[in-house]
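Reader: Could you walk me through this structure, starting with the strands and then moving to the helices and rings?

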Amino acid sequence: MKYQKFHHPECYQTDHIQVLDIETLAPEAEDGSFPPWPLHEAVCASVMTQKKVGDSYEFDIRTVEFANELEGLRQLFGLLDAGATLVTWNGRGFDVPVLQLAAARHLLFEDNALRTAWLAPRWAINHADLAELYGRFGGAGRPSLANVCRALGIAAKTQGTGDGVAAMIADGREEQVFRYCEEDVAITWLAWLHYAAARYADPGKLAHPLAAFDRWLADDDNGRYAHLKHLRDLPLFRHAREADPVFRLDRLIERTERRASIAAMRPSAM
């Protein structure tokens, strides 16, 4: 019998990325275990978008509420772009099927980016499930996002934990759930940058978008993303700033202006 070699290149495009994460509620299992995924209903979904434009990057982070599940799904469909690489953490085993089952519950069968990700086989290059990629598809086990972030020196889960979502909702702290979900997409994106830089042996795939994201957070004057600004204190952000030509140019201009100011204050030579 002739066997055909299966090729799985993992050649993800890295210029247009969308990171997806959801928070859910489900009935408690009698044995205290994690409830099966079909029993979960989404509370919210956060999407972080990174898109390369010229030599820099544009970013956006949005959260969709599912108080009205049908309206939430339609909003999510409008955010997700089939042309982007969808990045998740265990999205193939949880987030995407939970959302797709919700869509089926409302008879939403139209073609969209979520459906594309749901139908994609494991080796498809339009959906990068980092839990599988870091775990080498079972060869290294399935790590948790928190443990991988801890190993990478990334502060994770500062806004809460997944098993605390029910308590937050019961206490009327929905905004904290949304902040927690947005932090999860941000740290998942950081884990993605590390994977992409290692996968393609290109440090720039980490440093360049990271430096641009650092500037984007710094320019958040209205405090919309204040809950993410602690990330800027991480060593990897400082390293990205040092490697970023825009940051180096700004610092050079600042030093030049400071020297010119000092020179102007000196008494003129007589």
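Author: What follows takes the sheet, then a helix beside it, and then the aromatic rings. The model is predicted, so local features need pLDDT of at least 70 and side-chain atom pairs count only at pLDDT 80 or more, while totals for chains, interfaces and linings use all residues. Residues are numbered from 1 along each chain as its sequence is written, and side-chain values use heavy atoms, with hydrogens and water left out.

Reader: In what order do the five strands of the open sheet lie?

Author: The order is S3-S2-S1-S4-S5, and the pairing is mixed. Strands here are DSSP runs of E with at least two residues, helices are runs of H or I with at least four, and both are numbered from the N terminus; two strands pair if DSSP finds at least two bridges between them.

Reader: Which strands stand at the edges?

Author: Those are S3 (56-65) and S5 (127-129), and each has a single partner strand, so one side of each is left without a neighbour in the sheet. On average, neighbouring strands are turned by 20° against each other, direction ignored.

Reader: How many bridges join S2 to S3?

Author: Ten bridges join S2 (residues 41-53) to S3, and the two run antiparallel. Ala45 has Val64 in S3 as its bridge partner, and Gln50 is partnered in S3 by Phe59. In the hairpin of these two strands, which has two residues between them, Gly54 takes a positive phi near 65°.

Reader: And how do S1 and S2 pair? What is the bridge partner of Thr24?

Author: S1 and S2 are also joined in the antiparallel sense, over ten bridges, and the partner of Thr24 is Ala42 in S2.

Reader: Which strands does helix H1 touch?

Author: H1 (residues 69-79) packs on the sheet and touches S1 (16-25), S2 and S3, where contact means heavy atoms within 4.5 Å. The direction of H1 makes about 170° with that of S3; axes are lines fitted to C-alpha atoms, for helices over the stretch in contact, and angles run from 0 to 180 degrees between N-to-C directions.

Reader: Changing topic, how many aromatic pairs are there?

Author: A search of the whole structure finds 14. Rings of Phe, Tyr and Trp (its six-membered ring) pair if their centres lie within 6.5 Å, and planes under 30 degrees apart count as stacked, over 60 as edge-to-face and the rest as tilted. One of these pairs is Tyr134 with Tyr195, which is tilted, at 6.2 Å centre to centre and 55° between the planes. Tyr134 lies in H4 (residues 130-134) and Tyr195 in H7 (residues 174-199), so this pair ties together parts that are 61 residues apart in sequence.

Reader: Are those two tyrosines buried or exposed?

Author: Tyr134 is partly exposed at 25% relative accessible area, whereas Tyr195 is buried at 10%. Buried means under 20%, exposed over 50% and partly exposed in between, with a 1.4 Å probe and protein chains only.

Reader: How much of H7 is buried?

Author: H7 is mostly covered, with 20 of its 26 residues buried. Just after H7, Ala201 takes a positive phi of about 50°.

Reader: Which residues form the aromatic cluster?

Author: The cluster is formed by Tyr57, Phe59, Trp189, Phe213, Trp216, Tyr225 and Phe237. Within this group, Phe213 counts as buried at 0% relative accessibility, and Phe237 is likewise buried at 0%.
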